[in-house]
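Reader: Could you take me through one part of this model up close? I'd like the individual contacts to begin with, then the wider setting.

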Amino acid sequence: MLKALIFDVDGTLADTERDGHRVAFNAAFREAGLPWNWDVKLYGKLLAVTGGKERMAHYAQKYAPDFARRPDFPHLMRKLHTLKTGHYVHLVEGGALPLRPGVASMIHEARQAGLKLAIATTTSPENVTALLRASLAHDAEKWFDVIGAGDIVPNKKPAPDIYFWVLERLGLPAADCLAIEDSEHGVKAATTAGIPTLVTENGYTRGQDFDGAIAVLPDFAATVLGELQALHNTYSRHH
Ligand code: XBP
Ligand code: MG
């Protein structure tokens, strides 16, 4: 019986990467006087590394090894990431990143049906708060029984840590939940935690290996909660 929806954020609730995080990273690099610029294509490759700090460290090690060897490198990464998060939150608050098609109505339907709602994301908590407030309601955080985000767990997706963290606080068995993800990393994380997982793919994740997902949809534009419940029931009957 489906009792909770667990939403990923970036790429799932909203298409935040290309015009949000990527732009914020570049603004932070400019502000810090670094000659780095992540274009759309390069950023798509860098998304293989989850976590903004981890992504910048990976980039520096590969493309700016002298910078990465500086003794204050970890401190600089944290400082850069704080700048980036400031730019990202400013973009979100300005309304730059609307929810993907059908996401708001799916959330409203789930609330009306008495399902629990949760978030399991690699992104920083400030980014989640800003997105929920800007795109749903000023108090939309309260609609979610559990919000698991960023550094709250030691290992980011594709590790299952964030999903285990959310499941424990939901107080539900994995089988009674449905995870909604956009990427191969996300599907691996949620399915490793034993959660039936549905994909809504996007520009950066189309064509990735979603092996283990119970269904792959383009988005929720033509999807109602009843269809998610039917998919979950069918899956549960055979597993
Ligand atoms: C996507 C991520 C995040 C964002 C950037 O998370 O990997 O790192 O790209 O956000 P998810 P931060 O798909 O799990 O929502 O810079 O705050 O990490
Ligand atoms: Mg995602």
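**A look around ligand 1**

Author: Let's start with Gly52, where a backbone N or O atom sits 2.7 Å from an oxygen atom of ligand 1. Keep in mind that this is a predicted model, so read that distance, and the others below, as computed from predicted coordinates. Glu17 reaches in with its side chain instead: an N or O atom there is 2.7 Å from an oxygen atom of ligand 1. How much of ligand 1 does the protein cover? On its own, ligand 1 has 450 Å² of accessible area, and the protein covers 95% of that.

Now zoom out a bit. The space that ligand 1 takes up is the largest pocket. There are 19 residues around the ligand, and those that come nearest are Glu17, Gly52, His81, Thr121 and Ser124. What kinds of residues make up this shell? Ten are polar, six are charged and three are nonpolar.

Where do they come from along the chain? Three helices each supply at least two residues of the shell: H1 (17-31), H3 (52-63) and H5 (73-93). Of the contributions to the shell, the largest share is that of H1, with three residues. As for domains, the shell takes at least three residues from domain 1 (4-15 + 99-237) and at least three from domain 2 (17-93).

To find Pro158, look in the loop between strand S3 (146-149) and helix H8 (161-170).

Notes. Residues numbered from 1 in each chain as written. Chains lettered and ligands numbered in written order. Predicted model: local features only at pLDDT ≥ 70, side-chain atom pairs only at ≥ 80, totals over all residues. Heavy atoms only, no water. Near = heavy atom within 4 Å. Polar contact = N/O pair within 3.5 Å; in protein donor to acceptor, adjacent residues only side chain to side chain. Areas by Shrake-Rupley, 256 points an atom, 1.4 Å probe, with all protein chains shown as cover. 1 Å grid on protein atoms, 1.4 Å probe; cavity = no way out; pocket = protein on both sides within 12 Å on 5 of 7 lines; lining within 4 Å. Sits in = over half its atoms within 2 Å of the grid points. Helix = DSSP H or I, 4+ residues; strand = E, 2+ residues; numbered from the N terminus. Nonpolar A, V, L, I, M, F, W, Y, C, P; charged D, E, K, R; others polar. Domains from an automatic or database assignment.
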